[in-house]
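Reader: I have a structure open and would like to go through it with you. May I ask about particular residues and then move on to the larger parts?
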Amino acid sequence: MDHTTDTQAKIKEFLSRFFKSHDLKPEEDIFALGFVNSLLAMQLVAFVEKEFGIQVEDADLDLDNFRSIQAISGLVARKTGSPAQASPA
Amino acid sequence: MNLELTAEQRAVRDEARAFVTAEVAPHADRWDREEAVPGELIDQLRARGYLGSLLPAELGGRGLDMISYGLLTEEIGRGCSSVRSLLTVHDMAVRAIERFGDPAAKERFLPALARGAILGAFALSEPNAGSDANSVETTAVSEGDGGGWVLTGRKKWTTFGQIADLFLVFARVESAGGYQPTVFLLERDTPGLTVRPLRGITGTRASLLAELEIEGCRIPAAHRVGRIGSGVSHVASYTLEQGRYSVACGAVGLGQACLDASFAYATERHQFGVPLIRHQLVSAMITDMIVGVRAARLLCLRAGWLRASRDPAAGAETMAAKYFASVMAAKAANDAVQIHGANGCSEEFPVGRYLRDAKVLEIIEGSTQIQQISIPRFPFAEL
């Protein structure tokens, strides 16, 4: 499993707690699907910080960075400087 | 989850317990009647590092861990819910600035907040906005690129607003796509800000509530806290979690105070030839208090432990702790008055104050009903 796939798998596993009967695709908009509301926004931030050991800065809190598995994975890659940054969006 | 307190945590609890027993609890009824926590007591809190206690030592704080903070708050809450509410709102302001503040605002305000040299307050509620935080009517208008902001509106029920130096103000920023809830810092001496005391509150009467009239208050750009539009989703969410933890732990303390008072009274007072506690219906009420306090304390410890480890489940568990502890405290206080009978309805005993304060705990930092709506929305990976 490469780095991006591993990151996305962890994100998917976390997000799967919010919905049991939907197989979330990497590019799907979780806000549009209604799975994540504003109550859970900081929970998502806490997950990303703890799971990937990064500090989400104020500038990172654009909802677009948390809109999909792919977007979150991209944020993690940028924050960690991992090769996944170059992977397709 | 480790349920054993460390030596340092026990030391914080024991120190706070001794302080509250000597300096807070004996005076709380008087402060309640006078509707004010005195400045001398705030000086003592400041000297002990109880204001801004979560901030690290390098900023001037006490650097308490989350469990120790909860134990401190429980002890303060045992003595006086109004004093506890000062810690609650001050630390909510601290946490918001620490996490979301502009570097210049952090540098300017955090050391002063850590020392308690200035007091912070949380200004979200308005005459027409309470539980629905998205509906605030206070506006923030940008003065243009590089410029500051102009705040206009009214805030109500601002705890310790009568003496706070720095307000965390929730406002709406109008944009093409609608309004965006955003948070700002407003200093007390800002021209256009008028602070009016609110008196005659049912509970936490000494918490110096105020109404804020904000008329075209100009503030610098660095006083914006968090991104535009993040006011509810991130800043309020994060800050209210801190507040809920504080209120939950304070509710445990209030429940303990109800238990202590009720047990003492039921042991000393005799009716029908035996102590009250020998009557089974009285004993049942005290048993409910014992079990309720213990259960709420465990929920608070779990929430504190999750918060300390920055676990994503901390938000949901803190809500659960706040919900249970505040409901428990309200029942315990109601039963405490019942056990005290007519004495419980007089000013000679503190349980009437406990009941009035407990009611407030079911309303602030997300009402009982808001918790009941919100808690099931979180996934509980494990129980």
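This is a predicted model: local features need pLDDT of at least 70, side-chain atom pairs count only at pLDDT 80 or more; totals for chains, interfaces and linings use all residues.

Reader: Is L259(B) buried or exposed, and why?
Author: L259(B) is buried, because 21 other C-beta atoms lie within 10 Å, and the cut-off for a buried residue is 20 or more. The residue is found in helix α7 of chain B.

Reader: What separates the C-alpha atoms of L259(B) and T287(B)?
Author: A distance of 9.1 Å separates them, while along the chain the two residues are 28 residues apart.

Reader: Turning to α7(B) itself, how many residues has the helix, and what is its reach from first C-alpha to last?
Author: α7(B) has 38 residues and reaches 52 Å, which is close to the 56 Å expected at 1.5 Å a residue. There is also a kink of about 30° in this helix.

Reader: Where is the kink in α7(B) centred?
Author: The kink is centred on S237(B).

Reader: How many residues of α7(B) are buried?
Author: Of the 38 residues in α7(B), 33 are buried, so the helix is mostly covered by the definition used here. Helix α7(B), residues 231–268, also gives 18 residues to the largest nonpolar core, the largest share of that core.

Reader: How many residues has the largest nonpolar core, and which have the most contacts inside it?
Author: The core has 141 residues. Those with the most contacts inside it are A93(B), L168(B), C258(B), A325(B) and A333(B).

Reader: Which residues is A93(B) in contact with, leaving aside those within four places in sequence?
Author: The contacts of A93(B) are L113(B), G120(B), A121(B), F122(B), L166(B) and L168(B).

Reader: Next, α9(B). What is its reach, and what is expected at 1.5 Å a residue?
Author: Helix α9(B) covers residues 314–340, a run of 27 residues. From first C-alpha to last, α9(B) reaches 38 Å, close to the expected 39 Å.

Reader: How many residues of α9(B) are buried, and what phi does G341(B) take?
Author: In α9(B), 23 of the 27 residues are buried, and the helix is mostly covered. G341(B), just after the helix, takes a positive phi of about 60°.

Reader: Where does G116(B) lie?
Author: G116(B) lies in the loop of chain B between α6 (103–115) and β1 (120–123).

Reader: Is G116(B) buried or exposed, and why?
Author: G116(B) counts as buried because it has 23 C-beta neighbours inside 10 Å. Beyond four places in sequence, G116(B) is in contact with L45(B), R46(B), L51(B) and G52(B).

Reader: What does the domain assignment give for chain B?
Author: The assignment gives domain 1 (7–115), domain 2 (120–228) and domain 3 (232–377). Between domain 1 and domain 3 of chain B, the contact takes 23 residues from domain 1 and 26 residues from domain 3. The C-alpha centres of these two domains lie 20 Å apart.

Reader: Which elements give two or more residues to the domain 1 side of that contact in chain B?
Author: They are α2 (28–34), α4 (66–79) and α5 (81–100) of chain B. The largest share of that side, 10 residues, comes from α5(B). The residues of the domain 1 side divide into eight nonpolar, five polar and 10 charged.

Reader: Now chain A. How many helices and strands has chain A?
Author: Chain A has four helices and zero strands. Of its 89 residues, 33% are buried.

Reader: How many residues does the contact take from chain A and from chain B?
Author: The contact takes 13 residues from chain A and 18 residues from chain B. On the chain A side there are seven nonpolar, two polar and four charged residues.

Reader: Lastly, is S73(A) buried or exposed, and why?
Author: S73(A) counts as buried because it has 28 C-beta neighbours inside 10 Å. This residue is found in helix α4 (residues 69–80) of chain A. The C-alpha atoms of S73(A) and A59(A) are separated by 16 Å, and the residues are 14 apart along the chain.

Note on methods:
Residues are numbered from 1 along each chain as its sequence is written. Chains are lettered from A and ligands numbered from 1 in the order in which they are written. Two residues are in contact if their C-beta atoms, placed from the backbone, lie within 7 Å. Ala, Val, Leu, Ile, Met, Phe, Trp, Tyr, Cys and Pro count as nonpolar, Asp, Glu, Lys and Arg as charged, and the others, Gly among them, as polar. The expected span of a helix is 1.5 Å times one less than its number of residues. A residue is buried if 20 or more other C-beta atoms lie within 10 Å of its own, exposed if 12 or fewer, and partly exposed in between; C-beta atoms are placed from the backbone. A nonpolar core is a set of buried Ala, Val, Leu, Ile, Met, Phe, Trp, Tyr and Cys residues joined through C-beta atoms within 7 Å. Domain bounds come from an automatic or database domain assignment. The bend at a residue is the angle between axes fitted to the seven residues ending there and the seven starting there.
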